[in-house]
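Please keep the sequence and the 3D view at hand.

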Amino acid sequence: MIADCLKLTTYSGERHRSGRTFLADAQLDLFGRREITTSILLRGAEGFGLKHHLRTDRLLTLSEDLPVVSVAVDTRPRIEALLEDLPAVEHRGLVTLESARMLRGDLGPLRLPDELMGAVKLTVYVGRQERVYRVPAFAAVCELLHRRGIAGATALLGVDGTAHGRRRRARFLGRNAEVPMMIIAVGSGERIGRIVPELGGLLRQPLITLEQVRVCKRDGELVERPHAPPTTDELGTAMWQKLMVYTSERALHDGQPVHRALVRRLRSSGARGATVLRGMWGFHGETAPHGDRLLQLGRRVPVVTIIIDTTDRIATSFDIVDELTAEHGVVTSEMVPALGARFGE
Amino acid sequence: MTVVLWVGVVLIGGAGSVLRFAVDGVIASRTGSAFPYGTLVVNLSGAVLLGLITGLAPGRDEALLAGTAAVGSYTTFSTWMFETQRLGEDRQMRNLAANVVVSLFAGVAAAALGRLVGSHL
């Protein structure tokens with residue numbers, strides 16, 4: 001089954017409040033009550049927002065109030081109904097609404113819609129402890145993507161969310177078996193289209209989304225600069241651009257991991273915000289899918305840096321991204337209608 | 001008397017850790033650097049203060065409140081270690097070595113300086 005759906009994403013801080021509760025909790029409570037098909041709350045490793053306060057897990061004091069990203073995917077009417085009751089992110093966050101295709105249930109051979117014939121972002125939602133043939137589902141999915149020649153994949157661990165409409169929140173003690181994870185990969189529509197039925201065979205209850213993206217850079221080589229989209233859509237919503245930079249903790253620029261250098265450069269350039277999400281498993285290119293090891297000094301996992309800004313500013317940010325990903329990494333661009341974008345202006 | 005003293009330790013100790021949070025936060029976000037300057041400044045200034053206090057040779061209760069409670073909660077060994085480990089994770093070997101060496105040697109020098117000044121006041 002392939003359905004038209006909407007993906008609601010909010011970017012805020014872990015300690016942002018909405019009345020008496022934390023904003024992220026209020027959002028996820030709402031997703032749970034509305035039985036949203038899939039939603040996930042991700043904690044960032046580093047980032048900054050509209051006020052340019054740097055948050056990083058590298059320093060103890062600055063790891064207070066790390067960035068959080070919540071994602072909710074469901075059919076268009078159900079997400080639109082959600083918007084009316086979504087707690088406001090006020091002056092510190094951002095809400096975006098993107099269209100996506102959701103695939104669930106029996107995934108036989110399928111023909112992707114025409115708009116997905118270019119580059120496609122594949123997102124697979126699985127449970128933390130979900131297993132396929134005795135291997136963790138996230139590892140099995142990464143392995144499949146690797147074997148089928150996809151350039152890279154990143155598995156992100158959620159701390160809260162809903163799966164098939166049921167709330168699954170991680171607890172400090174407990175197996176947290178069904179707390180959602182998401183695996184992100186970018187590839188050509190044609191190749192992804194061939195992998196989808198295989199994923200359908202692998203997973204018991206597949207839950208997959210496909211989104212149209214443009215690949216700007218691959219392994220340090222410029223494919224194309226982000227296109228300038230119209231600044232508003234037909235309903236007058238501001239159209240912004242999203243860059244996603246897929247790199248590895250191992251990739252260094254000037255002695256620093258690329259994503260760390262990127263956040264610092266973007267912050268001093270006056271960009272509106274950036275969020276780094278660290279994967280717990282994944283791969284880039286030829287290296288086999290891997291996580292971190294218990295005994296290691298340097299980290300090896302993949303990371304994703306998300307940069308959302310207005311079209312004119314994204315050009316400046318892209319120059320920085322371009323410079324820092326001279327040898328490594330995949331960069332994609334997407335158009336995003338930004339809803340709750342307020343800049344404290 | 002001892003109850004008042006221990007309540008004093010609790011309050012001053014709490015204030016010390018809040019002060020550290022503030023100082024560290026301001027320095028770390030101002031510099032925006034990979035190197036943990038905030039923790040370094042906190043530990044060095046704490047070492048000077050502690051040297052100064054012991055140099056002044058206060059009474060037993062005053063030493064407990066100013067030394068153990070105030071400076072003890074203001075400075076942080078665990079954060080120094082934690083941030084050093086994080087530098088290792090990021091493959092920042094030069095910063096890692098600098099963080100250990102500078103904190104250690106400058107820290108001892110800071111404590112000695114504080115003590116010297118304190119004993120001449």
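How many helices and how many strands does chain B have? Chain B has five helices and zero strands. The model is a predicted one.

**Chain B as a whole**

Read from the N terminus, the elements of chain B follow the order α-α-α-α-α. Its C-alpha trace spans about 50 × 30 × 20 Å along the principal axes. Chain B has 121 residues, and 39% of them count as buried. Among the contacts in chain B with a separation of 6 or more, 74% come from residues 24 or more positions apart.

**Helix H4 of chain B**

Helix H4 of chain B covers residues 77–89, which makes 13 residues. From its first C-alpha to its last, H4(B) reaches 19 Å, close to the 18 Å expected at 1.5 Å a residue. The buried residues of H4(B) are Thr79(B), Trp80(B), Glu83(B), Thr84(B), Arg86(B), Leu87(B), Gly88(B) and Glu89(B). The cover over these buried residues includes helix H1 (2–31), helix H2 (37–56) and helix H5 (93–120) of chain B. Arg91(B), with a positive phi near 60 degrees, follows H4(B).

**Aromatic pairs**

Over all chains, the structure holds three aromatic pairs. One of them is formed by Phe35(B) and Tyr37(B); this pair is tilted, at 4.9 Å centre to centre and with 55 degrees between the planes. Another pair is made by Phe77(B) and Trp80(B), with ring centres 5.6 Å apart. Why does the pair of Phe77(B) and Trp80(B) count as edge-to-face? The planes of Phe77(B) and Trp80(B) stand at 75 degrees, so the pair is edge-to-face, the cut-off being over 60 degrees. Phe77(B) and Trp80(B) are three residues apart in helix H4 of chain B, so about one helical turn separates them.

The table gives the relative accessible area for the residues of these two pairs.

| Residue | Relative accessible area | Class |
|---|---|---|
| Phe35(B) | 8% | buried |
| Tyr37(B) | 37% | partly exposed |
| Phe77(B) | 57% | exposed |
| Trp80(B) | 11% | buried |

In soluble globular proteins, nonpolar side chains tend to be buried together. The largest nonpolar core here has 31 residues, and the members that touch the most others are Leu122(A), Val124(A), Leu145(A), Ile183(A) and Leu210(A). Two or more residues of this core come from each of strand S9 (119–127), helix H3 (137–147), strand S12 (152–157), strand S15 (180–188), helix H4 (189–202) and strand S16 (207–218) of chain A. H3(A) gives the most to this core, with eight residues.

Which residues does Leu145(A) touch, not counting residues up to four places away in sequence? They are Leu122(A), Ile150(A), Ala153(A), Ile183(A), Ala185(A), Ile195(A) and Phe283(A). There is also a second, separate core of 29 residues, including Cys5(A), Leu94(A), Ala119(A) and Val213(A).

**Cysteines**

Cys142(A) is buried, with a relative accessible area of 0%. Cys216(A) is buried too, and its relative accessible area is 0%. The count of disulfides over all chains is zero.

**A buried arginine**

Where is Arg168(A) placed? Arg168(A) is in the loop between strand S14 (166–167) and S15 of chain A. Is Arg168(A) buried or exposed? Its relative accessibility is 18%, so Arg168(A) counts as buried, the cut-off being under 20%. The side chains of Arg168(A) and Glu178(A) are joined by a polar contact of 3.3 Å. Apart from neighbours within four places in sequence, Arg168(A) is in contact with Asp160(A), Gly161(A), Thr162(A), Ala163(A), Glu178(A), Val179(A) and Pro180(A).

**Positive phi in chain A**

Most residues other than glycine have a negative phi. Tyr133(A), which is not a glycine, has a positive phi of about 45 degrees. Tyr133(A) lies in the loop between strand S10 (131–132) and strand S11 (135–136) of chain A, and at 70% relative accessibility Tyr133(A) counts as exposed.

His164(A) also has a positive phi, near 50 degrees. The loop between strand S13 (160–163) and S14 of chain A holds His164(A). With a relative accessible area of 28%, His164(A) is partly exposed.

Key. Residues numbered from 1 in each chain as written. Chains lettered and ligands numbered in written order. Predicted model: local features only at pLDDT ≥ 70, side-chain atom pairs only at ≥ 80, totals over all residues. Heavy atoms only, no water. Core = buried A, V, L, I, M, F, W, Y, C linked by side-chain atoms within 4.5 Å. Buried < 20%, exposed > 50% of the residue type's maximum accessible area, 1.4 Å probe, protein only. Helix = DSSP H or I, 4+ residues; strand = E, 2+ residues; numbered from the N terminus. Contact = heavy atoms within 4.5 Å. Expected span 1.5 Å × (residues − 1). Polar contact = N/O pair within 3.5 Å; in protein donor to acceptor, adjacent residues only side chain to side chain. Disulfide = S-S within 2.5 Å. Phe/Tyr/Trp six-rings, centres within 6.5 Å; stacked < 30°, edge-to-face > 60°.
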